[in-house]
Every structure is written in C-alpha cells, then in structure tokens.
Amino acid sequence: MGEKMNKKGNDHDSDTTLGEHLAALRRAAQLTLRQVEDATDKEVSNAYLSQLENNKITKPSPNILHALAAVYKASYEGLMERAGYLTAGKARP
C-alpha cells in the first residue's frame with residue numbers, strides 16, 4: 001500500500017504543497033522560470049515564482065494564480081483550493 005493516500009478522491013496528490021504542485025506543473029509544461037515570466041507578461045516574475053515553488057511564499061494573490069493557471073493550462077479553482085482560498089466542493093456555481 002502506498003504511503004500517500006489521495007484523501008479527496010480527485011486526480012491530484014493532496015499531500016503536495018502549492019509550491020510543489022506549481023513546480024510540477026511548470027516541469028510538465030517544460031517551461032523555465034523565465035519562460036513563465038514572459039508568458040505572464042511579467043505579471044509573475046521568475047524570482048517570485050521560484051519563491052512560490054520553494055514554499056517561501058504560500059499565499060499568492062488570486063491574480064497570480066489565475067495567470068499561472070492560464071500558462072499551465074491548469075484548473076484555476078484547483079490552484080485556489082490549494083492556496084486555501086476555496087474549500088473542496090464549495091466553489092461558486
């Protein structure tokens with residue numbers, strides 16, 4: 001049996017931090033920190049993203065999460081949930 005259980009029954013590992021998840025999304029998109037900075041029109045600097053990925057910043061603004069979701073083609077609601085802005089299953093209709 002695996003050490004990490006998926007507690008919420010969805011397709012992401014709920015035990016990873018927001019930073020770890022963002023780093024995984026960036027690697028999956030095969031983008032560098034600077035490429036993400038360029039893709040967000042410098043809304044998210046490479047230094048800020050590095051701090052996010054290393055869990056030095058744990059509560060980025062919804063605007064930052066929206067920009068990253070667009071670049072990574074990821075769920076904005078999923079990122080908002082990981083950042084603590086939304087509770088699972090409580091998104092607005």
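Biologist: Let's start with one residue. Where is the place of Pro62?
Modeller: Pro62 sits in helix α4, which covers residues 62-72. Keep in mind that this is a predicted model.

Biologist: Okay, and how confident is the prediction, say as the mean pLDDT of the protein chain?
Modeller: The mean pLDDT is 86, and 80% of the residues reach 70 or more. Residues 1-12 have a pLDDT below 50, and that stretch has 14 contacts in the model beyond near neighbours in sequence. Where pLDDT is low, the predicted coordinates should not be read in detail.

Biologist: Got it. Back to Pro62: what is its relative accessible area?
Modeller: The value is 30%, so Pro62 counts as partly exposed, since that class lies between under 20% for buried and over 50% for exposed.

Biologist: Which residues is Pro62 in contact with, leaving aside neighbours within four places in sequence?
Modeller: Tyr76, Met80 and Tyr85. Tyr85 is 23 residues along the chain from Pro62, and their C-alpha atoms are separated by 8.3 Å.

Biologist: Now the helices. At what angle do the axes of α3 and α4 cross?
Modeller: They cross at roughly 90 degrees and come within 13 Å, with α3 being residues 46-53. The two helices are therefore roughly perpendicular to each other.

Biologist: And which residues meet there?
Modeller: From α3 you have Tyr48, Leu49, Leu52 and Glu53, and from α4 Ile64, Leu68 and Tyr72. By class, that contact has 6 nonpolar residues, no polar ones and 1 charged.

Biologist: Which residues in α3 are buried?
Modeller: Asn46, Leu49, Leu52 and Glu53. Looking down the axis of α3, the buried residues fall within an arc of 115 degrees, so they line one face of the helix.

Biologist: Why would residues three or four places apart point the same way?
Modeller: Because an α-helix has 3.6 residues a turn.

Biologist: What do the buried residues of α3 pack against?
Modeller: Against α1 (18-28), α2 (33-39) and α4.

Biologist: Let's take α1, then. How far apart are the axes of α1 and α3?
Modeller: They are 7 Å apart, and the helices pack at an angle of about 125 degrees. That makes α1 oblique to α3. On the α1 side, Gly19, Glu20, Leu22, Ala23 and Arg26 make the contact, and on the α3 side Leu49, Leu52 and Glu53 do. Those residues divide into 4 nonpolar, 1 polar and 3 charged.

Note on methods: Residues are numbered from 1 along each chain as its sequence is written. This is a predicted model: local features need pLDDT of at least 70, side-chain atom pairs count only at pLDDT 80 or more; totals for chains, interfaces and linings use all residues. Side-chain values use heavy atoms; hydrogens and water are left out. pLDDT is the predictor's confidence in each residue, from 0 to 100. Contact means heavy atoms within 4.5 Å. Helices (H or I, at least four residues) and strands (E, at least two) are DSSP runs, numbered from the N terminus. Buried means under 20% relative accessible area, exposed over 50%, partly exposed in between (1.4 Å probe, protein chains only). Axes are lines fitted to C-alpha atoms, for helices over the stretch in contact, and angles run from 0 to 180 degrees between N-to-C directions. Angles under 35 degrees count as roughly parallel, over 145 as roughly antiparallel, 65 to 115 as roughly perpendicular and the rest as oblique. Ala, Val, Leu, Ile, Met, Phe, Trp, Tyr, Cys and Pro count as nonpolar, Asp, Glu, Lys and Arg as charged, and the others, Gly among them, as polar. The arc is that of the directions from the helix axis to the C-beta atoms.
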